[in-house]
Amino acid sequence: MDSAVVVRQPPERGYWNPVTETMPREELRGLQWHKLRTSLAHARRGSPFWRARIPDGIASLDDYIARMPILTREEIVSAEATNPPYGDFPSCDPRLAIRHHQTSGTSGRPPVRTFDTARDWAWAADMWCTGLYGMGVRPYDRAAVAFGYGLFIGFWGLHYALEKIGVATIPTGSFDSEGRVRLLLEQGITVLACTPTYALRLALTARQMGIDLARESEVRIVVCSGEPRPEATKQAIADAFGAFVGDSAGMTEAATIFMFECIEEPGGCHIIESDFIEEVLDPDTLRPVPYGETGVRVMTSLGREGIQAFRYWTNDLVVKRPWSECECGRTWDWYEGGIRGRQDDMRKVRGVFFIPVMVEDVVRAFPEVDEFQSSLRTIEELDTLVVRIEPRPDVPSEQYGELAERVGDQIKRQISLTPIVEVATPGGLPRFEMKARRFQDERSRPATHA
Amino acid sequence: MSEAGPRLTPDEEQRLLRCYADLKQLAVHCQVPSVRAAARAALAQVHAALNGQGLAYELYSADWPEEDKL
């Protein structure tokens, strides 16, 4: 293998839609209101579900936020169950669909099913274009999409967006990790799209193959989506690939992404506010929280004509920051740290608020650790955080104790919980390709949720 | 502060809007399946472009002829 260092083109600043990305805030609110009014009228006309739900005479954005009921996942599932697959939820005839997607349902819950018309799908891809272009993806790039291409919407929209931008796009659905590493090198791939977990998995596989991706690949941008991605994980991916790592997040209920990280890296992701109204609410009072405080995302999508979402309670924990704090020029607010976790994952442990992703933020800062898992257990009647770390194969076993101690100390410093840190043998912990499941609540009594 | 990026000229804006109107006609009324399908696919893309420029926002497919839904 040629080990010459590859010179990469750094991502450059640019806007996919300069007008709406840099629009003064007052005009942006005017645009949102225009779209919202049109969307509400469409929903009332086409959807029995929405007709029964939308209050009469909504007169402004503020009025909408004050009077429109919040929508939950359970209500969507229930509405779809009236006459599967979509029930009385859609706002236009499902026979106009060109695509169908649904959530995985792996947790035993019924899936949320959605469809897209040609119009909706073009919009969904355009939202991805907004994010990808903002991350610096350009027509001359060559992209590999490490994704299973199934019912789950995942990176489908990204694939179409890459094609639309003009990027040579390689779907690697059937490849194993070694095959993907070889493809990165053989095809001169410059953009990789996958979950953060899988990016680290590819980096590990490459290392096991004796390949240093940071030196030998041409990857200059890693597009991450599908999971919360703490700062330490971003840095680990950036180091492994020698590339810019752009975070993004979407959801099946939106058909696409609603936020992305620009190349200025303000420490989070811009909300695509031309097409989404995003509120951040206190989960207890349901009142808006100010900039800088943690709350739950409530999403209104202004993009779709088939499956519409007004004030959807996402359970995502976020911290909103004002647009002016980022130097990229967009007038769109942003979420500091992207998605911080899930409200239903939030627990109170010995008086401390705990979200599983906090452990990842600590552990990923240790390059000696390849993989980890965490759990909450009842030990001698006390809620206890147990973290299992798997050291890299080149870490001598006599250093395991000292490594576990350092990891434990750092968790105590950052999370304010004293963990038990166990060490697994190299290769002993499971690996994940899409949404990683690294946390278990094994406490013997019902969990105390926040 | 926000920065200016490239903007459509008035002539480009008019062409884009005209293109959208023409495609919409073909998407609804053209009887040649291949042309109608192409118009609908193109219409969706042009609508996305207009939406991105803040020039048009329509939820239009529900208005298409009933025979398309059979």
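Buried means under 20% relative accessible area, exposed over 50%, and partly exposed in between (1.4 Å probe, protein chains only). Helices (H or I, at least four residues) and strands (E, at least two) are DSSP runs, numbered from the N terminus. This is a predicted model, where local features need pLDDT of at least 70, side-chain atom pairs count only at pLDDT 80 or more, and totals for chains, interfaces and linings use all residues. Residues are numbered from 1 along each chain as its sequence is written, chains are lettered from A and ligands numbered from 1 in the order in which they are written, and side-chain values use heavy atoms, leaving out hydrogens and water.

Let us start with helix H7 of chain A, residues 156-165. Seven of its 10 residues are buried, so the helix is largely enclosed by the rest of the structure. Among the buried ones are Trp156(A), Leu158(A) and Ile165(A). Their cover includes H6 and strand S1 (97-102) of chain A. Just after H7(A), Gly166(A) has a positive phi of about 110°.

Now to the place where the chains meet (contact: heavy atoms within 4.5 Å).

| Chain | Residues in the contact |
|---|---|
| chain A | 36 residues |
| chain B | 25 residues |

Together the two chains bury about 2500 Å², 55% of it on carbon and sulfur atoms; buried area is the accessible area (1.4 Å probe) that two parts lose on being put together, summed over both. In chain A, Arg95(A), Leu96(A) and Arg119(A) lose the most area to chain B, together 23% of what that side buries.
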